[in-house]
Amino acid sequence: MELPGRRERPFSSGRFPGLLLATLVLQLSSFSDACEAPPTFEAMELIGKPKPYYKVGERVDYKCKKGYFYIPPLATHSICDRNHTWLPVSDDGCYREMCPHIQDPVNGEAILVNGSYEFGSELHFICNEGYYLIGKDILYCELKDTVAIWSGKPPLCEKILCTPPPKIKNGRHTFSEVEVFEYLDAVTYSCDPAPGPDPFSLIGESMIYCGNNSTWSHAAPECKVVKCRFPVVENGKQISGFGKKFYYKATVMFECDKGYYLNGSDKIVCESNSTWDPPVPKCLK
């Protein structure tokens with residue numbers, strides 16, 4: 001007889017854990033007879049959404065990812081095998097999209113950094129000696145939507161040219177009639193005859209040449225009178241560089257008389273400001 005207000009449960013507390021265990025065993029049996037998620041790749045992706053497990057004999061198909069294209073005959077699918085693993089498959093049939101080939105610039109060279117035109121690669125440009133680059137020296141192969149394109153236009157190599165070098169006061173340079181100088185073209189400066197008793201000295205480089213960046217290798221020299229005072233050392237004497245007048249770059253050497261020592265340098269040079277460098281030494285007791 002059923003007690004009032006009490007209803008019979010569909011499963012007794014003793015039967016429910018057994019039922020739960022049986023369900024779990026059934027599920028484990030189903031999973032053990034299946035494959036887990038299929039492998040992933042750098043260059044190709046699964047068609048459709050992946051599932052947590054796949055039945056034996058079930059097939060999955062792949063396609064090349066964005067930026068890659070397929071070249072047969074390698075398979076792009078796999079099948080869940082009886083041993084619950086996927087049959088071998090690889091993304092070796094998917095190749096990176098490539099940028100168009102770019103030729104060497106005239107009077108220059110294009111260098112592939114990684115040896116290919118695949119997107120992600122770099123192309124470096126250099127010019128031959130005597131030419132300079134107009135444009136970017138590096139282009140990048142980039143992916144735009146599904147197409148690989150270069151990041152800019154190829155540069156050009158133009159011949160290095162210089163305008164005429166500066167004219168100087170009291171002097172001149174060779175090829176003064178030339179209006180355009182090419183790379184490594186050189187001119188030589190010289191000073192005019194001086195109107196007075198002392199000659200002009202050439203201060204700086206006598207020869208300069210048209211160099212990189214269309215600039216001259218050195219600043220233009222200067223022509224002026226440089227004359228240092230006659231060097232006198234008490235208790236000493238001059239041993240080289242004798243002369244009545246001492247002009248630019250004149251070099252003199254000294255030694256002291258017996259019983260005296262030299263205070264300063266034994267060699268001095270007449271510099272462009274008409275002074276001795278180092279200063280004239282002294283002979284001290």
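Predicted model: local features only at pLDDT ≥ 70, side-chain atom pairs only at ≥ 80, totals over all residues.
The side chain of Q238 reaches the backbone oxygen of S240 at 3.1 Å, and that is where I would like to begin. Residues are numbered from 1 along each chain as its sequence is written, and side-chain values use heavy atoms, with hydrogens and water left out.

Q238 sits in strand 22, residues 236-240, where a strand is a DSSP run of E with at least two residues, numbered from the N terminus. A polar atom of the Q238 side chain also lies 2.8 Å from the backbone oxygen of G241. Is Q238 buried or exposed? Q238 counts as buried because its relative accessibility is 16%, and buried means under 20% relative accessible area, with a 1.4 Å probe and protein chains only. Leaving aside residues up to four places away in sequence, Q238 touches G243, F246, V252, M253 and F254, contact meaning heavy atoms within 4.5 Å.

Let me turn to D198, which is placed in the loop between strand 17 (186-191) and strand 18 (201-203). D198 has a relative accessible area of 14%, so D198 is buried. Its side chain makes a polar contact with the side chain of Y247 at 2.6 Å, and D198 makes another with the side chain of K245 at 3.4 Å. A polar contact is a pair of N or O atoms within 3.5 Å; within protein, one must be able to donate a hydrogen and the other to accept it, and residues adjacent in sequence count only if both atoms are side-chain atoms.

Key. Helix = DSSP H or I, 4+ residues; strand = E, 2+ residues; numbered from the N terminus. Buried < 20%, exposed > 50% of the residue type's maximum accessible area, 1.4 Å probe, protein only.
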